[in-house]
Structures are given as structure tokens and as C-alpha cells.
Amino acid sequence: KKIMAEIIQIGKTAPNFVTIGVYKNCLGKIRLSDYHGKKYVILIFYPGNFTTISPTELIEISNRISEFRKLSTQILAISVDSPFSHLHYLLSKRSQGGLGQLHFPLISDLNQKVTQK
């Protein structure tokens, strides 16, 4: 088995992936390679939609999106939830445990192809 330090390294190019994401309440393909050479990318892996940990961090990152944009950086938040679960999470009010509007996509890794790379 590879240890985590051998797999994940800051500044190292992440393996490309193509999956479905939700942004501005629309589903669409997200390719990591679309950002290569154009923007820095921060991949945020979170445990799942409607968990007690995820919303506060995702909302705070969204609230500070202008800081990331000034640095030409794209945020991509990834969990193993389905795209439809992401859509429901985004459409749910924050007072009901949802996210409301975010300024970056939520990406589905339902088949765990991204997290296993």
C-alpha cells in the first residue's frame, strides 16, 4: 500500500478526471484538465451532503470566493454523493441544513473514481 504522503502532494499535478458537477443549479460535466494552465485548482473533499461538518466550511469558502478569484484559483468541492443529492443540498435553505447558493461547483464522485486516483 502507498502511504498518504506518497499519493497527495501540494503542487503536484492531480490526475485528470471527468465527472458530473452542479453549479448555479445546473448539472454538467467537470473536467479537471479544463483548468490546466488557466487557473490554480483547490480540490476540497468533504464527507457528504447534509452532514454536520460540511456546510459551515463550504459556506465560508463561498463567502470568501473573491479572495480565491483574485489569485486565479478555482474551488472544486467533491463528495461521493450523487449529482441529484448535490442539487438538493444546494436548493435547500441554510436554515434547513442546506447550502443555498454557492460560488463554486459541487462535484459527484459517486463511483469513487476521483478519490481512488
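Modeller: Helices (H or I, at least four residues) and strands (E, at least two) are DSSP runs, numbered from the N terminus. The model is predicted, so local features need pLDDT of at least 70 and side-chain atom pairs count only at pLDDT 80 or more, while totals for chains, interfaces and linings use all residues. Residues are numbered from 1 along each chain as its sequence is written, and side-chain values use heavy atoms, with hydrogens and water left out.

Colleague: Which elements make up the chain, and in what order do they run?

Modeller: There are four helices and five strands, and from the N terminus on they run α-β-β-β-α-α-β-α-β. The radius of gyration is 14 Å, close to the 13 Å given by the globule rule for 117 residues, so the chain is as compact as a globular protein of that length. That radius is taken over C-alpha atoms, and the rule is 2.2 Å times the number of residues to the power 0.38. Along the principal axes, the C-alpha atoms fill a box of roughly 40 × 35 × 25 Å.

Colleague: What share of the residues is buried, and what share of the contacts links residues 24 or more positions apart?

Modeller: Of the 117 residues, 38% count as buried. A contact means heavy atoms within 4.5 Å. Among contacts with a separation of 6 or more, 70% come from residues 24 or more positions apart.

Colleague: How does one read the buried side of a helix, for instance in α2?

Modeller: In α2 (residues 54-63), the buried residues are S54, P55, L58, I59, I61 and S62. Their arc around the axis is only 160°, which puts them on the same side of α2. T56 and N63 are exposed on the face turned away from that side. The buried residues of α2 pack against β3 (40-45), α3 (65-70), β4 (73-79), α4 (83-91) and β5 (106-108).

Colleague: Which residues are buried in α4?

Modeller: They are P83, H86, L87, Y89 and L90. Seen down the axis of α4, these buried residues fall within an arc of 160°, so they line one face of the helix. The face turned away from the buried side carries the exposed residues F84 and L91. The cover over the buried residues of α4 includes β1, β2, α2, β4 and β5.

Colleague: What does L102 touch, leaving aside residues up to four places away in sequence?

Modeller: L102 touches Y23, L58, I59, S62, L90 and R94. L102 lies in the loop between α4 and β5 and is buried, with a relative accessible area of 3%. Between L102 and Y23, 79 residues apart along the chain, the C-alpha atoms are separated by 7.8 Å.

Colleague: Is G48 buried or exposed?

Modeller: G48 counts as buried, at 5% relative accessibility; its place is in the loop between β3 and α2. Not counting residues up to four places away in sequence, G48 touches S54, S79 and D81. G48 and D109 are 61 residues apart in sequence and 11 Å apart in space, C-alpha to C-alpha.

Colleague: Where is Q74 placed, and which residues does Q74 touch?

Modeller: Q74 belongs to strand β4 and counts as buried at 13% relative accessibility. Beyond residues up to four places away in sequence, Q74 touches Y35, K39, Y40, V41, I42, F104 and P105.

Conventions
Buried means under 20% relative accessible area, exposed over 50%, partly exposed in between (1.4 Å probe, protein chains only). The arc is that of the directions from the helix axis to the C-beta atoms.
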